[in-house]
Amino acid sequence: MKKLPLLAVAGIALSSACEVEPSTPLDVQAARLGEKHAGKSATWPMAGHDPQGSHFNKAERTIHSFNVSKLVVKWTFDGTSYGRPLGALHGTPVVTEDALYVGSNSGRFFALNLDGTLRWEFVTRPPNPLLAEIGKPSPVGGVIPDIAGTPIVGGAVYDKEANAVVFGDLDGNIYGLDADTGAELWVKEQLDAHPLGGIVGNSLLLANGKVVIGFAAIEDNALLIKQAIPSYQCCSHTGFVVSLDAKTGHEDWRFETIKAADVKPVAIAPFELGPSGADIWAQPTYDAETETIYIGTGQNYSPGPDGKATDSSDSFFALDAKTGAVKWHRQVTANDIWVRGIPTPGEDGRFLDQDLGDAPKIYRLWYGRKVISAGQKSGALWVLDAATGEVVRQTQVVQQANQLGGLQNGGAQGRGKLFVHGLNGLDPTTDTGPFVGTVKAYTDDGLFQLWTFDVPMGVFVAPLALAKDVLYFTSPISGADDAGVPLPTFSLIALQADLGIPVAQFTFPGRAISGPVVSEGRVYVISGNRAVAELGESDDGAVRALGLPD
C-alpha cells in the first residue's frame, strides 16, 4: 500500500451567500464568518449528528475546504496526559458546547473539557461471569489490559434539557449520567439479559426526550467462544430496540426483531439453538413529522429449527415512535446466516454477513418525496419510500470485498448528495484478494454517481463526517514502508465534498476505526482499535482536537 500524499487544493471560492473580501486571506474570512454565526449551535450531540442520521453538521461555519489544510493539533488527551493507557476508543464522540464525551474499551467513560482537560470519568459495572471467563472481550474476543469495568464500544447521546449523557456497555447496562459531574441519574442494569448482548456500535438515538437504543451481540464469535468454552451453545441472542425516557430511564416500549421465546433447539451443525441475530448495529433514526423510528438489522447468527433464516434479518423496519409497533418492514437480503468460522463467500460464490449496518438517513428528494437510504455490506445502496418501504432505487455501488463487507456504517447525506464509503472487491469470488478503499458521492436519489475517491487497499471502515463543504473520514492504515509493511499510523483525510478532491491529510500514531466529528470550529479525532484485529490492535487510545491556528 502506498502512502497517500499530503494534498491541498487552494483557491476554491466561497459560496455566493458569503461576503468575500478580496484583500483578506480566505482563512481569516472563514474565521470571521464563524464569529458571525456563533449564535447558531454547531455541536455534535449523537453519533449520526442528528435524529435523521445525516452525519452533516450544517451549522459549522469556520472550517472550509480552502482552510482545512491549515488545521493544527490544539490538544491531545492520551495515556501520557491521563497517566496510563486509555484503552481503545471506538464509538463516535459526542461534543456539546463545553464538553466531549467518549467511552473506552477499558470500561471507562471520559468527559473532557474543550481545552483537553479531564472533567470526570465514570467506570462501568463489572462484566457478567461469561464475559469475565472469556477474557472480557472486545467485539473480536481479545483480552484487554487494565480493565476497569465492562468495555464500551459504542457512542453516546446528550440530552440538553435533562443535562444528561446516556451510553451503554457491552453487557447491556445503560447509564444516564449528569453531564457536569458524572453522577448517576439512573442506570438500567443488563437491559439486554443475554450474556453476550449489549451496545456494540453507535446504536443510540436521542429524539423528543427519548433515548431509542438498538441492541446487538458479539455472538458472531460464538464458534470461537465454543473452542474455549465447549458448553457454550450457538446461538441465542436476538436483536431488539427499546425506548427509554432520557430523564428517568423509564422503559416506554420494546420491539424484538426475533422473539427470544422463539429460540429453540436446532439440529443443524454447527448450530444448537435458533433462530438468532437480526441485531441492530447503527443509530436508529427519527422522523418528527410522522413520529416514526427507522432501524436496519443484521444477519441471522443461526437458523430456526426448520433450517431457515427469519424474514427480519438484513431488513429495514419502520416503527411507531410512541408504541414500537411495526408500520412496515422490508427485507433486502434473504437467508443470510453467518458467524465467524463459516466460509464467506460460500460454495455458491455468494457473500454472507450482509448487514444493514448503516443508519437509515431521512430526507426529501428534490420533488418532495420523503425517503430513507442506507448502505449495505453487500455493496448495495438502498433508497426506500419513507411512508411505505417501497424500493425507490437499488444501486450496486461496490462489490463486497471481504469479511468487512462492501458499504460501511456511517454514510452521510447533505448538500443534495449521498456520501457512501467502503471496500470494493476486485475479485468477487474471494475475501482475501485485492480491493480498493472507496468514497463515493451520489445524487440523493441514488441514481447518478457524482465522483469517487479511491485508494488501492485503503481500509475505509469508520463513519464519515460532513461539515460545510468538507467530507472527513479516517483510514486506520495510513501507508506502508518501502517493503510494503503497514506503518503504525492512521490518517484523517478531508475531501472537498462537491468535487471529491482531497484537500488535506493528517497522519497520527496508532490505529483509528472511529469516525471524526466537527463541532464549532474544531475537528475531533479519536483512536485505538480492539474491534478489527486484522487492522492492528492498539489500546493506547487518544482524543485529538484540531483547529485553525490562533
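# Cores, a sheet and one valine

Analyst: In this predicted model, the largest nonpolar core has 36 residues, and those with the most contacts inside it are Val68, Tyr472, Val523 and Val543.

User: Which residues does valine 523 touch?

Analyst: Leaving out residues up to four places away in sequence, valine 523 touches Ile63, Leu71, Tyr472, Leu492, Pro516, Val517, Val518, Arg544, Ala545 and Leu546. There is also a second, separate core of 29 residues, which includes Val157, Val241, Ala246 and Ile293.

User: OK, new topic! What is the strand order in the open sheet of four strands?

Analyst: The order is β7-β8-β9-β10, and the pairing is antiparallel. β7 (157-159) and β10 (184-188) are at the edges with a single partner strand each, so one side of each has no neighbour in the sheet. From one strand to the next, the twist averages 15°.

User: And how many bridges join β8 to β9?

Analyst: Five bridges link β8 (residues 164-168) with β9 (residues 174-178). Valine 166 sits opposite glycine 176 in β9.

User: Last one: is valine 95 buried or exposed?

Analyst: Valine 95 has a relative accessible area of 1%, so valine 95 counts as buried. This residue lies in strand β3 (residues 94-95).

User: What does valine 95 touch?

Analyst: Not counting residues up to four places away in sequence, valine 95 touches Thr43, Trp44, Pro45, Leu100, Leu114, Val517, Ser519 and Tyr524. Valine 95 and proline 45 are 50 residues apart along the chain, with their C-alpha atoms separated by 5.8 Å.

Technical notes: Residues numbered from 1 in each chain as written. Predicted model: local features only at pLDDT ≥ 70, side-chain atom pairs only at ≥ 80, totals over all residues. Heavy atoms only, no water. Pairing = 2+ DSSP bridges. Helix = DSSP H or I, 4+ residues; strand = E, 2+ residues; numbered from the N terminus. Axes fitted to C-alpha atoms, helices over the stretch in contact; angles between N-to-C directions. Core = buried A, V, L, I, M, F, W, Y, C linked by side-chain atoms within 4.5 Å. Buried < 20%, exposed > 50% of the residue type's maximum accessible area, 1.4 Å probe, protein only. Contact = heavy atoms within 4.5 Å.
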